[in-house]
Amino acid sequence: MFLLREAAFVDSREKILVIDDELAPRESIRMVLKDQYTVSTATGAFEGMDLLNENPVDLVVMDIKMPRMDGITALQEIKKLHPDIEVILLTAYASLETARDAIRFGAFDYLIKPFDKDDVLLVVEKGLKKRRDNTGLKLERDILLDRASYLEEQVTKARGNIMTCYEGTVNALILTIDAKDHYTYNHSNRVAKLSSLLAKELAVPDKMIKEIVNAASIHDIGKIGIEENILKKNGKLTLDEYTEIKKHPAIGARIVQSVPFLEDAIPVILHHHERYDGKGYPNGITGEQIPLSARIVMVADAVDAMMSARPYRDALTINKVLSELQENAGTQFDPEITNVILKERVSLV
Ligand SMILES: [Fe+2]
């Protein structure tokens, strides 16, 4: 019961502080405003500012001419400490110029003594409306800022989850290749490194380099669909076996197709055996029809294969690899990419 009665007395009216050293104008303003607003009074600027610090109000009505601290100085102090509080100054006609100057220091308006009751109510109401609008806008802005930072946080979290998923999936595929064919696993890692160096020299954007590195690490993923006896055969492949091996780019692309965030790797996986002259597989496309990422991985793949010792042949010397690149530039390889190696912008040693 007591609480209910207390609650009924909570004053939700807007608060106004009247500061004037002279009793008559201070009291008459208070009388005009007291029915609609909660009005407190102070007899000078210092007392007024002490009251504001203890209990901020919505609006201050203050005389300009006061002893110790004048209204213009007090106005600047109030605006510094409480920029949201609107201030209306009281002035005699003689200091009208000063009142106009005060507007420049942030006063909302001024009233000329002797003042009319309706003018006081009108100017005070306008000042309070401005304060309400500003508070509303500030609140809306704060809500929007809160919302924006929450969404940003969620996007960062989601992006982190996708990256974890992406890296986890790429690693799982790399380990799958390793389990099936250890040579291909090591080879793919080296191809990824060389592809990255070539792409950097070709001024490929950073984001695309990352995609190329990931794609190169799994470019032969389709080999998990090829019979082991063909994959690990030491001797020369028969025509049928070669036809079988040539299926690995399409098999790889099919595997990766089912993982939406790995779709950037598909062009490399599908086209890393296309030749620049169109005599490659699976589609026989030529030149710039072949995605740049696939042309880069194609060169890196061939270089690493030539530099690796296999059970059926020794590794080629660097000089032999370079002459193979020179000889096949423009037919098997994109000449712009082989040039990066031939002009020693990327070293194979
Ligand atoms: Fe391959």
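Visitor: What should I know about the model and its numbering?
Guide: This is a predicted model, in which local features need pLDDT of at least 70, side-chain atom pairs count only at pLDDT 80 or more, and totals for chains, interfaces and linings use all residues. Residues are numbered from 1 along each chain as its sequence is written.

Visitor: Into which domains is the protein divided, and what separates their centres?
Guide: There is a domain 1 (2-135) and a domain 2 (172-342), with bounds that come from an automatic or database domain assignment. Taken over C-alpha atoms, the centres of domain 1 and domain 2 are separated by 79 Å.

Visitor: What makes the five strands a sheet, and in which order do they stand?
Guide: Two strands pair if DSSP finds at least two bridges between them, and here five strands form an open sheet in the order β2-β1-β3-β4-β5, with parallel pairing. Strands (E, at least two residues) and helices (H or I, at least four residues) are DSSP runs, numbered from the N terminus. As an example, strand β1 (residues 15-19) and strand β3 (residues 59-63) run parallel and are joined by four bridges, and Ile19 has Met62 as its bridge partner in β3.

Visitor: Why is one side of β2 and of β5 left without a neighbour in the sheet?
Guide: β2 (38-42) and β5 (109-112) stand at the edges and each has a single partner strand, so one side of each has no neighbour in the sheet. From one strand to the next, the twist averages 20°.

Visitor: Why are α3 and α4 called roughly parallel?
Guide: Axes are lines fitted to C-alpha atoms, for helices over the stretch in contact, and angles run from 0 to 180 degrees between N-to-C directions. Angles under 35 degrees count as roughly parallel, over 145 as roughly antiparallel, 65 to 115 as roughly perpendicular and the rest as oblique. The axes of α3 and α4 cross at roughly 15° and come within 10 Å, and the two helices are therefore roughly parallel to each other.

Visitor: Which residues make the contact of α3 with α4?
Guide: Ala45, Gly48, Met49 and Leu52 of α3 meet Ala74, Glu77 and Ile78 of α4, where contact is counted if the C-beta atoms of two residues, placed from the backbone, lie within 7 Å. These residues divide into five nonpolar, one polar and one charged, given that Ala, Val, Leu, Ile, Met, Phe, Trp, Tyr, Cys and Pro count as nonpolar, Asp, Glu, Lys and Arg as charged, and the others, Gly among them, as polar. Helix α3 (residues 45-54) also lies across β1, β2 and β3, and runs at about 160° to β1.

Visitor: What makes α7 oblique to α13?
Guide: Helix α7 (residues 182-201) and helix α13 (residues 292-307) pack at an angle of about 130°, with their axes 8 Å apart, and that angle makes α7 oblique to α13. The contact includes His187, Arg190 and Val191 of α7, and Ile296, Val297 and Val299 of α13. By class, the contact of α7 with α13 has nine nonpolar, two polar and three charged residues.

Visitor: How do you know that α14 is roughly antiparallel to α15?
Guide: The axes of helix α14 (residues 318-328) and helix α15 (residues 335-342) cross at roughly 155° and come within 10 Å, which makes α14 roughly antiparallel to α15. The contact is made by Leu322, Leu325 and Gln326 of α14 together with Thr338, Ile341 and Leu342 of α15. The residues of the contact of α14 with α15 divide into four nonpolar, two polar and no charged.

Visitor: What is there to notice in the backbone at Pro114, Pro282 and Arg68?
Guide: Most residues other than glycine have a negative phi, and most peptide bonds are trans. The peptide bond from Lys113 to Pro114 is cis, with omega near -10°, and Pro114 is found in the loop between β5 and α6 (117-180). The peptide bond from Tyr281 to Pro282 is also cis, with omega near 5°, and Pro282 is found in the loop between α12 (266-271) and α13. Arg68, in the loop between β3 and α4 (71-81), has a positive phi near 70°.
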